[in-house]
Amino acid sequence: VSASLVLLGILLDSLDGAVARLTDGVTEMGGQLDSLCDIATFGVAPAFIMLNLLSQYLGSSEPIISPAAGHALGKACWAIAAIFICCTALRLARFNVETASGRLGDHMSFRGLPSPGAAGAVVGLVILHEHIEAIWQGAETGAWSMLSGLLVLGVPAIALLAAVMMVSAAPYPHMANRYLRGARSFKYLVRLAVVLSCAIWWLQETLAIIFVLYVLTGPWKMFMARLKQNPEELVS
């Protein structure tokens with residue numbers, strides 16, 4: 001439920017700027033309050049959800065893993081959660097400094113992974129884990145144990161990557177403005193129909209894949225840009 005509410009927050013965050021412009025309510029104060037809400041929704045909440053899942057998986061005696069966890073993995077996951085929150089705050093602060101409030105053009109692309117995308121990748125994997133666990137409830141098979149472990153450990157891994165990409169200079173598109181506004185070609189509509197069809201039949205899987213791929217687009221673009229500047233690296 002908590003992860004689903006974070007996804008709801010992502011949806012509302014994609015609409016609040018448009019509503020502010022339509023109602024002529026764009027202010028500097030509103031921008032700062034929006035970032036404060038984003039830190040809680042896209043930073044603190046996903047980190048807490050991640051620690052809750054890991055605490056249950058690791059069988060921690062504490063409700064939530066703390067820095068005093070008795071095993072190295074618990075301490076490492078707590079550190080990743082702290083880094084994720086700090087990078088979310090830094091990402092939002094940098095965005096406020098670099099972006100003029102209320103200008104639509106400033107929101108067609110981002111420098112660094114947007115905090116909603118980072119949060120979506122974390123909670124998307126959590127929702128997928130809970131969905132598969134509900135389907136395979138009571139099944140004590142080796143395949144389920146391995147898949148469950150991979151998903152649980154994949155959450156802090158993607159959280160750490162997302163944290164690094166939030167404070168990086170990697171280019172990321174604004175999904176709502178770039179792909180949902182303006183006239184689109186027939187090929188684009190076909191692709192959109194395919195994605196929506198997958199979401200209808202495999203909602204949890206589709207959400208997790210979309211958000212994780214979105215996080216990975218940054219490192220991929222940085223790699224391709226570096227490869228174009230130094231093509232001899234590919235040969236070597």
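Predicted model: local features only at pLDDT ≥ 70, side-chain atom pairs only at ≥ 80, totals over all residues.

Biologist: Thanks! How far apart in space are Ser2 and Ile127, C-alpha to C-alpha?

Modeller: In sequence the two are 125 residues apart. Ile127 is one of the H4 residues that make the contact with H8. From C-alpha to C-alpha, the separation of Ser2 and Ile127 is 9.5 Å.

Biologist: Staying with helix H1, how much accessible area does the nonpolar patch with Leu15 have together?

Modeller: Leu15 has its place in helix H1, which covers residues 2–22. With 44% relative accessibility, Leu15 counts as partly exposed.

Biologist: What separates the C-alpha atoms of Gly31 and Gly17?

Modeller: Gly31 is found in helix H2, residues 28–58, and at 23% relative accessibility it counts as partly exposed. Along the chain, Gly17 and Gly31 are 14 residues apart. Their C-alpha atoms are separated by 9.1 Å.

Biologist: Now the salt bridges. Which residue forms a salt bridge with Glu98?

Modeller: A search of the whole structure finds one salt bridge. Its closest N and O atoms are 2.3 Å apart. Glu98 is in helix H3 (residues 72–98) and its partner is in strand E1 (residues 109–111), so the pair ties together parts that are 13 residues apart in sequence. Glu98 is partly exposed at 44%, its partner is partly exposed at 40%, and that partner is Arg111.

Biologist: Last one: at what angle do helix H4 and helix H8 pack?

Modeller: Helix H4 spans residues 115–135 and helix H8 spans residues 203–229, with their axes 8 Å apart. H4 passes H8 in a left-handed crossing. The contact involves Gly117, Gly120 and Gly124 among the H4 residues, and Phe211 and Tyr214 among those of H8. The two helices pack at an angle of about 145°.

Conventions: Residues numbered from 1 in each chain as written. Heavy atoms only, no water. Helix = DSSP H or I, 4+ residues; strand = E, 2+ residues; numbered from the N terminus. Buried < 20%, exposed > 50% of the residue type's maximum accessible area, 1.4 Å probe, protein only. Axes fitted to C-alpha atoms, helices over the stretch in contact; angles between N-to-C directions. Left-handed = near helix turned anticlockwise from the far one by under 90°. Contact = heavy atoms within 4.5 Å. Salt bridge = Lys/Arg side-chain N within 4 Å of Asp/Glu carboxyl O.
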